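Please walk me through this model in the viewer, stop by stop. Tell me what to select next and what is there.

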Amino acid sequence: MKTYRIACIPGDGIGQEVVPAGQDVLQALAASQSNYRFEFTAFDWGGDYYRRHGVMMPADGLDQLRGQDAILFGSAGDPHIPDHITLWGLRLKICQGFDQYANVRPTRILPGIDAPLKRCGPGDLDWVIVRENSEGEYAGVGGRVHQGHAIEVATDVSMMTRAGVQRIMRFAFALARSRPRKLLTVVTKSNAQRHAMVMWDEIALEVAHEFADVRWDKELVDACTARMVNRPATLDTLVATNLHADILSDLAAALAGSLGIAPTGNIDPERRFPSMFEPIHGSAFDIMGQGLANPIGTFWSCVMLLEHIGEPAAAAMLMAAIEAVTADPALHTRDLGGNARTSDVTQAVCEHVTATAERRRAA
Ligand code: ATP
C-alpha cells in the first residue's frame, strides 16, 4: 500500500477549521479503497506561533516540510499582526523557498451555486488562471529611506527574469494544451509598463511557437476584468503576473459564486519540492470558530493535491462528491445563502465518497 505524506498547516482563523475538514475527506477517500493511505503531519505555524516565538515558522521550517509529498495549507492572516509579516513569514516563505513558481487557480460555477453573472450559461465560465508565483511584483525588491520624514521614499520594484517568464509561459501553454479548448489568454499591461511587460509579451510570442496547436491571444489586465464579466466564454486558460493574477483570481472567485469555493495549488512543476494546496480565501476572522466556514475551497484544493500526487481517480471521485453536495441548497453554508455548517458539508462529502466506493465495489 502506498503512503502519501501530507503536511497540514492550518495557519490562522478559519484555516484551523477547513484544513481538518480537508483531512477528513482525504481520510474518507483513503478508507474507501485499499491501495493508498495518508500520513498527516500537523504544523502549528501562523499567528499564534508568532506570538510565542516572534516568527511565523521556525528557521528550519522548510527542512521539516522537504520530505513531504504535498502540503495542505489553510490561511495566514491575523488582525493583530501586520499583513506583510503573516504573508511573507509563512506562505510566501514556503512558495519561494520551494520555488513553487506556478500558482494554478481553476474557476467554475459548481452545480447549485447562484453566481452573479446573469447572462452566463452553464459551462460559460470554466477557467484556469495561472499566476506567476516566484517573482514580478512580489519579488520583495525595494525599500524605504528617510522613514517617517517628509522626504521619505518607498519603492517596490517588480522583477521579471527571462527564465522566470519563460518557465511560467511554458507551463501555461502546456496546461492550455491539456484542456479541451486549447486556448490561452496572456494577460499583460505592456501599454503602460514598457520594460518588463514588453519582455513578458515577447517571451509569450516566442514560447507560442513551441505550442502551435494552442490558440492564444493577449489582453490588457484592465480589459481582461471587463471580458471576464461580459464575455466569460471567450476565456479558458489565462496566464498573468503575480499581482495581476492575484486580483483577477479574486474576481474569478466572486464571479463563480463565493470566495469560499475557490481552490489553488502552488506548484513546483519540476517536483524538486513538495507543492502546496490551499483555498484562496484568507483567515476570515469575522466567522472563525463558529463552524460557519465553507470548506469547499479546501476540498477542491484536495482534488488538486490528489491530481498532483498521481491519484486522478480519487481526485475525480472527490470532485463528483463536491458537485453533488453543492447541488443541494440544504448543504450551502452562509456565504452561499444557506444555513449549513462546516461539519454538515464535510460529513456530506465524506458520505458521498464512501457511498460511491461501496456502490462501485458492489457493481
Ligand atoms: P486575510 O486577511 O487572511 O486575507 P480576510 O478576512 O481579510 O482574511 P478573507 O478571509 O479572504 O479575507 O475573507 C473575506 C470575507 O469573505 C470574510 O470576511 C468572510 O466573511 C468571507 N469568507 C471568506 N472565506 C470564507 C469561507 N471559506 N466561508 C465563508 N465565508 C468566507
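**Stop 1: the ligand**

Keep in mind that this is a predicted model. Select the ligand and the residues around it. There are 14 of these residues, and Gly282, Ser283, Ala284, Asp286 and Asn294 come nearest.

Start with Asp286: an N or O atom in its side chain is 2.7 Å from an oxygen atom of the ligand. Go to Ala284 next. Here a polar backbone atom is 2.9 Å from a ligand oxygen atom. Finish on His281, where an N or O atom of the side chain is 3.3 Å from a nitrogen atom of the ligand.

**Stop 2: helix 1 and helix 11**

Select residues 15-31 for helix 1 and residues 342-362 for helix 11. The two axes come within 9 Å and cross at roughly 15°. Helix 1 and helix 11 are therefore roughly parallel to each other. The crossing of helix 1 past helix 11 is right-handed.

Show the side chains at the contact. Helix 1 brings Glu17, Ala21, Asp24, Val25, Ala28 and Leu29. Helix 11 answers with Thr342, Thr346, Val349, Cys350 and Val353. Colour by class: seven residues are nonpolar, two are polar and two are charged.

**Stop 3: helix 10 and helix 11**

On helix 10, select Met317, Leu318, Ala320, Ala321, Ala324 and Val325. On helix 11, select Val345, Ala348, Val349, His352, Val353, Thr356, Ala357 and Arg360. By class, this contact of helix 10 with helix 11 has 11 nonpolar, two polar and one charged residues.

**Stop 4: helix 5 and helix 6**

Clear the view. Select residues 162-178 for helix 5 and residues 196-208 for helix 6. Their axes come within 9 Å and cross at roughly 45°. Helix 5 and helix 6 are therefore oblique to each other. Helix 5 passes helix 6 in a right-handed crossing.

Display the contact residues. From helix 5 these are Arg162, Val165, Gln166, Ile168, Met169, Arg170 and Phe173. They meet Met199, Trp200, Ile203, Ala204, Glu206, Val207 and Ala208 of helix 6. Which classes make up the contact of helix 5 with helix 6? The count is 10 nonpolar, one polar and three charged residues.

Definitions and conventions
Residues are numbered from 1 along each chain as its sequence is written. This is a predicted model: local features need pLDDT of at least 70, side-chain atom pairs count only at pLDDT 80 or more; totals for chains, interfaces and linings use all residues. Side-chain values use heavy atoms; hydrogens and water are left out. Axes are lines fitted to C-alpha atoms, for helices over the stretch in contact, and angles run from 0 to 180 degrees between N-to-C directions. Helices (H or I, at least four residues) and strands (E, at least two) are DSSP runs, numbered from the N terminus. Angles under 35 degrees count as roughly parallel, over 145 as roughly antiparallel, 65 to 115 as roughly perpendicular and the rest as oblique. A crossing is left-handed if the near helix is turned anticlockwise from the far one by less than a right angle, and right-handed if clockwise. Contact means heavy atoms within 4.5 Å. Ala, Val, Leu, Ile, Met, Phe, Trp, Tyr, Cys and Pro count as nonpolar, Asp, Glu, Lys and Arg as charged, and the others, Gly among them, as polar. A residue is near a molecule or strand if one of its heavy atoms lies within 4 Å of it. A polar contact is a pair of N or O atoms within 3.5 Å; within protein, one must be able to donate a hydrogen and the other to accept it, and residues adjacent in sequence count only if both atoms are side-chain atoms.
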